[in-house]
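Trainee: I should like to learn how to read a protein structure, feature by feature. May we begin with the model on display?

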Amino acid sequence: MAVPISQAWTVATYVLKQKLKGRKRYPLVLMLEPLFRCNLACAGCGKIQYPAHILKAELTPEECFRAVEECGAPMVSIPGGEPLLHPQMPEIVAGLVERKKYVYMCTNALLLKEKLHLFKPSKYLSFSVHVDGQREHHDFSVCREGGYDIAMEGVRAAVAAGFRVTTNTTLFDGADPNSVRTHFDELMAAGVESMMVSPGYTYDKAPDQNHFLGKARSRKLFRMILSNRKKSWEFNTHPLFSEFLMGKQHFECTPWGMPTFSIFGWQKPCYLLQDGYADTFAELMEATEWANYGAKSGNPQCANCMVHSGHEASAVDYNFSSLKGFLVTARRYMFPTLYPDPDAQKLLNEWKPEHTSPLVQIQPSVAAASDSLQTVSGD
Ligand code: SF4
């Protein structure tokens, strides 16, 4: 089972209640960003290019709890920045677990092993470890030699200590689908509960602007990776989101499904774009012009976006919006398919890299500023 039954039940009853209340837009996962600073400087990341005073700032536990209560979503994802650099992260996580929220604390795991003793295993807590591929690919992607080995050491230590451990893998143009499949084998062998995979988003702040995937290339890549899958692989994303990535389903973005709260407030409209901020969750939901976002809107910023934070909530909403959606989803869960596809296998067998230009490393001055801020935070 990709998620515990209690979690699946909590989410299903929550969404049903929203439907019975007639709510057209409702949050499914709160993206809670308590800080932007990080101990990595990845080429595809749009989060750590802020000036030093912003990278130094962080949400207090009370601000986090207020946001979680205002929003009401049953799941909370804590991205960043690197959450383990926040000195009060154990207190924040404990407070969310106490509120019976299913928490995915996203981490690059560089500090996971040494900070594990500050957390308690719980069915409500999962460490979602960012691993972008096999050793060489991950180190290249996060611009840090040895990053993969440290992250996997963190994964194994957390699994051994009884924590739920999941992974998230972001893919960029040029990703080797055969290597990604081997990467999945390695993650499952390390004992992770389940995995998530998503295409990267074209952050305008990211130092590397040349390796983001367009939609057609994304679908081809994900069809090669996710067809003919192994029985041992477990994914924690909705099965229809995985089909969306493979080009078998069409969903419009539902950015309200995964709202973002950070040191700036409630971010309009989604985790990726910054078209202003609202002071309250209610204001975010009421004042955002939702029709201006998603591929159908014609907004060029959304044209190539297929990311998880915009489209997985769409799959969940479809699940509960029609009998057809319910039946299709029920069939996927009751009779899981490995998506046999001889053409995808042929593409996989014949795959060759199309270009070899390297990812662009982040400006050394930005990386240095981020590094020095870790010292400021006392970690
Ligand atoms: S399509 Fe992507 S960028 Fe546009 S609103 Fe949705 S999640 Fe944000």
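Trainee: Through how many residues does a hairpin join strand 8 to strand 9?

Mentor: The model is a predicted one. In it, four residues form the hairpin link from strand 8 to strand 9. The two strands run antiparallel and are joined by three bridges. Across this pairing, Trp 266 stands opposite Ala 278 in strand 9.

Trainee: What is the overall make-up of the protein in helices and strands?

Mentor: The protein has 15 helices and nine strands. Of its 379 residues, 45% are buried.

Trainee: Which strands pair with strand 2, and in what sense?

Mentor: Strand 1 (residues 29-32) runs parallel to strand 2, with three bridges between them. Strand 3 (residues 102-107) also pairs with strand 2 in the parallel sense, over four bridges. Ser 77 can be followed through both pairings: Ser 77 is the bridge partner of Met 31, and Ser 77 stands opposite Tyr 104 in strand 3. Val 76, in turn, has Val 103 as its bridge partner in strand 3.

Trainee: Why is strand 3 described as largely enclosed?

Mentor: Six of the six residues of strand 3 are buried, so the rest of the structure largely encloses this strand. The cover extends to both faces: Tyr 102, Tyr 104 and Cys 106 are buried on one side, and Val 103, Met 105 and Thr 107 on the other.

Trainee: Is Phe 264 buried or partly exposed, and where is its place?

Mentor: Phe 264 has 14 C-beta neighbours inside 10 Å, and therefore counts as partly exposed. Its place is in the loop between strand 7 and strand 8. Those strands, residues 260-262 and residues 265-269, run antiparallel and are joined by three bridges. In that pairing, Thr 260 has Gln 267 as its bridge partner. Phe 264 also illustrates distance in sequence: Ala 57 is 207 residues away along the chain, while the two C-alpha atoms are separated by 10.0 Å.

Trainee: How should I read a helix, and what does the length of helix 9 show?

Mentor: In general, an α-helix has 3.6 residues a turn, so residues three or four places apart point the same way. Helix 9 (residues 215-226) has 12 residues, which should span 16 Å at 1.5 Å a residue; its end C-alpha atoms are 16 Å apart, in agreement. Its buried residues include Ser 218, Leu 221 and Phe 222. Among the elements covering the buried residues of helix 9 are helix 8 (177-189) and helix 14 (342-350). Just after helix 9, Asn 228 takes a positive phi of about 50°.

Trainee: How many residues of helix 12 are buried?

Mentor: In helix 12, 12 of its 14 residues are buried, and the helix is mostly covered. Among those buried are His 308, Glu 312 and Asp 317. The buried residues of helix 12 pack against several elements, including helix 1 (5-20) and helix 13 (323-334).

Trainee: Which residues come nearest to the ligand?

Mentor: Of the 14 residues around the ligand, the nearest are Cys 253, Cys 270, Cys 302, Cys 305 and Gly 310.

Definitions and conventions
Residues numbered from 1 in each chain as written. Predicted model: local features only at pLDDT ≥ 70, side-chain atom pairs only at ≥ 80, totals over all residues. Buried ≥ 20, exposed ≤ 12 C-beta atoms within 10 Å, placed from the backbone. Expected span 1.5 Å × (residues − 1). Contact = placed C-beta atoms within 7 Å. Near = placed C-beta within 6 Å. Pairing = 2+ DSSP bridges.
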